[in-house]
Amino acid sequence: IRRQRQMCIRDRGETYQTLTDRFIEAMHDDEQMINILPPDEEPRATRFIDEIVELIRRLEDAGYAYLGTNGDVYYRVRKFENYGRLSGHPLDRLESGARVEPDEAKEDPLDFALWKAWKPDEPYWESPWGRGRPGWHIECSAMAIRYLGDSVDIHGGGVDLVFPHHENEIAQSEGACGEPFSRFWVHVEHLLVNNEKMSKSLGNVFTIQEILERGYRASALRYALLSVHYRKQLKFSWLSLEQAEESLRRLMGFLDRLDD
């Protein structure tokens, strides 16, 4: 899939920088449409390669990271005693899989990549292990430590990120820093359309612009999304938006009567 994406970018005559810039701009437009305040910082992984390399070197020094025979750098999962604590997946029940395939280059099938060796048609950066790019998980640890320190108070994300992404973040950060990575975790459940997870791969995604073009207010969309606890699945439908519009009209009418 990664190679197909690279070929698609190349065939369109677009670099990964222009691709990401275009989607970040679209994200900012969406945020403005529904009145989301901008964050203080918006770090990009590509601007923190030095911090990522330094974090991997700290893990090497602590014995958590090693260079595989294929040029990738891996994390020794079994060395981290608390691996699986967040997701409830103890090591003795974990199977090789979930984005971690058996690989002769690894010491253990459960080990995950911290640094990926360069392949043709992929972007790369120089490192002590040769040309390559960061692994998926190490980017988040490096940026969190850079802005928030060795420990954070609250870490959020979708429920599908608990394993392996957040589990690996904990292992990386605590292995390098020796401090608890996050005090609290907030995992948001899926948004459903016709009892299926809303996702690009299923083709059942509605954009914010599409919803607003149908005449619904941004406040109604936000009201609908906030109508269910974040740990419960929310079923999205046009009827739910109409009900949100009606609820907002009643609330606004009540405020008008109070003013009078």
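Visitor: Let's start with the backbone. Which peptide bond is cis here, and where does the proline sit?

Guide: As background, most residues other than glycine have a negative phi, and most peptide bonds are trans. In this predicted model, the bond from Phe163 to Pro164 is cis, with omega near 5°. Pro164 belongs to helix α5, which covers residues 162-177. Keep Pro164 in mind, as it turns up again in the contacts between α4 and α5.

Visitor: What does Asn195 show?

Guide: Asn195 has a positive phi of about 65°, and it is not a glycine. You'll find Asn195 in the loop between β7 (191-193) and β8 (196-197). Its relative accessible area is 59%, and since exposed means over 50%, Asn195 counts as exposed.

Visitor: On to charges. How many salt bridges does the structure hold?

Guide: The thing to look for is a Lys or Arg side-chain nitrogen within 4 Å of an Asp or Glu carboxyl oxygen. The structure holds 13 salt bridges. One of them pairs Glu107 with Arg76 at 2.8 Å, N to O. Both partners sit in the loop between β2 and β3, yet they are 31 residues apart. Glu107 is partly exposed at 49% relative accessibility, and Arg76 is partly exposed too, at 24%.

Visitor: What does the salt bridge between Arg183 and Asp153 tie together?

Guide: The side chains of Arg183 and Asp153 meet at 3.5 Å, N to O. Arg183 is in strand β6 (residues 182-188) and Asp153 in strand β5 (residues 152-158), so the pair ties together parts that are 30 residues apart in sequence. As for accessibility, Arg183 counts as exposed at 58%, while Asp153 is partly exposed at 48%.

Visitor: Take Arg217 and Glu245 next. Is Glu245 buried or exposed?

Guide: Glu245 is buried, with a relative accessible area of 7%, whereas Arg217 is partly exposed at 35%. Their side chains form a salt bridge at 2.9 Å, N to O. Arg217 lies in the loop between α6 (208-213) and α7 (218-225) and Glu245 in helix α8 (residues 238-259), so this pair ties together parts that are 28 residues apart in sequence. Elsewhere, salt bridges with shared partners join Glu246, Arg249 and Arg250 into one network.

Visitor: Now the helix pair. At what angle do α4 and α5 cross?

Guide: For a helix pair, check the distance between axes, then the angle, then the hand. The axes of α4 and α5 come within 9 Å and cross at roughly 55°. The two helices are therefore oblique to each other. Their crossing is right-handed.

Visitor: Which residues meet there?

Guide: From α4 you have Trp136, His137, Ile138, Cys140, Ser141 and Ile145. They meet Pro164, His165, Asn168, Glu169, Gln172, Ser173 and Cys177 in α5. Pro164 in that list is the proline of the cis bond we started with.

Visitor: One last stop: what is Ser199 in contact with, apart from its neighbours within four places in sequence?

Guide: Leaving those neighbours aside, Ser199 is in contact with Asn204 and Val205. Ser199 lies in the loop between β8 and α6. Its relative accessible area is 13%, and buried means under 20%, so Ser199 counts as buried.

Methods:
Residues are numbered from 1 along each chain as its sequence is written. This is a predicted model: local features need pLDDT of at least 70, side-chain atom pairs count only at pLDDT 80 or more; totals for chains, interfaces and linings use all residues. Side-chain values use heavy atoms; hydrogens and water are left out. Helices (H or I, at least four residues) and strands (E, at least two) are DSSP runs, numbered from the N terminus. Buried means under 20% relative accessible area, exposed over 50%, partly exposed in between (1.4 Å probe, protein chains only). Axes are lines fitted to C-alpha atoms, for helices over the stretch in contact, and angles run from 0 to 180 degrees between N-to-C directions. Angles under 35 degrees count as roughly parallel, over 145 as roughly antiparallel, 65 to 115 as roughly perpendicular and the rest as oblique. A crossing is left-handed if the near helix is turned anticlockwise from the far one by less than a right angle, and right-handed if clockwise. Contact means heavy atoms within 4.5 Å.
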